[in-house]
Amino acid sequence: MSVRQTRDCIVEAADDLFYRQGYTHTSFADIAGAVQISRGNFYYHFKTKDQILDAVVEARSDRTRAMLDQWQRDGGTPAERIRSFIRILLMNRVKIERYGCPVGTLTTELAKLDHAAQDEANALFMLFRTWLSKEFAALGLTDEADDLAMHLLAMSQGVATLTNAFRDVVFTEREVARMEAWLEEQVARAARQ
């Protein structure tokens, strides 16, 4: 395995473990074991757990940007693109049921630790906020686009948290349907303006 491939495998394993176990409860040994490399080889790539965290946040940011770009290419209208964001709760329901939202759980854990990487992790939410704001503005709701983006983010995080707590498929599906109905109300309101 090349140096780059090894580094990428470390970041991928750390990302998965941070999501499933939490940053605090994941050790170097856990990550090295998941990648099946020696600790010496591991330390060649990352000297500290914080360096791994930075790489994980960067990888998540890259994946989020790619997903948003894909939604932009695939969605015909702003409403269809926003609906892609809402439906991510259903697409990732099994993981969310077990571990919560990957962005929400990481930012919450880092906030509790008052960790230096908290702002970088929060930037993941900003990617969604900025993207959603642009989509609401494209609907014609420019003056309140950011408020609507934040409201939808809050609804999404609430549903993710309760999906994790109760593991109730019916609840998740019902709440996604309600979020989609709310979106349709916004579309209708924009059409009347």
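## Overall architecture

Of the 193 residues in the protein, 45% are buried, where buried denotes under 20% relative accessible area, exposed over 50%, and partly exposed in between (1.4 Å probe, protein chains only). The model is predicted, so local features need pLDDT of at least 70 and side-chain atom pairs count only at pLDDT 80 or more, whereas totals for chains, interfaces and linings use all residues. Residues are numbered from 1 along each chain as its sequence is written, and side-chain values use heavy atoms, with hydrogens and water left out.

The secondary structure consists of 10 helices and zero strands; helices (H or I, at least four residues) and strands (E, at least two) are DSSP runs numbered from the N terminus. The C-alpha trace spans about 65 × 30 × 30 Å along its principal axes. Among contacts with a separation of 6 or more, 68% join residues 24 or more positions apart, a contact being heavy atoms within 4.5 Å.

## Nonpolar cores

A nonpolar core is a set of buried Ala, Val, Leu, Ile, Met, Phe, Trp, Tyr and Cys residues joined through side-chain atoms within 4.5 Å. The largest has 33 residues, of which Ile-82, Phe-85, Ile-86, Leu-132, Phe-136 and Leu-152 touch the most other members. At least two residues of this core come from each of α4 (49-74), α5 (78-91), α8, α9 (145-166) and α10 (169-192). A second, separate core comprises 24 residues, including Ala-13, Leu-17, Leu-53 and Ala-121.

Residues up to four places away in sequence aside, Leu-132 touches Ile-82, Phe-85, Ala-149, Leu-152 and Leu-153.

Glu-135 lies in helix α8 (residues 118-139). Because its relative accessibility is 4%, Glu-135 counts as buried. Apart from neighbours within four places in sequence, Glu-135 is in contact with Gln-72, Pro-78, Arg-81 and Ile-82.

## Surface, charge and cysteines

The protein exposes about 10300 Å², of which carbon and sulfur atoms supply 52%; accessible areas come from the Shrake-Rupley method with a 1.4 Å probe, and for residues only the protein chains shown count as cover. The mean positions of the 24 positive and 28 negative charges are 4 Å apart. Lys and Arg count as positive and Asp and Glu as negative, while His and the chain ends are not counted; each charge is placed at NZ of Lys, CZ of Arg, CG of Asp or CD of Glu.

With a disulfide defined as a pair of cysteine sulfur atoms within 2.5 Å, the count comes to zero. Cys-9 counts as partly exposed because its relative accessibility is 31%, whereas Cys-101, at 14%, counts as buried.
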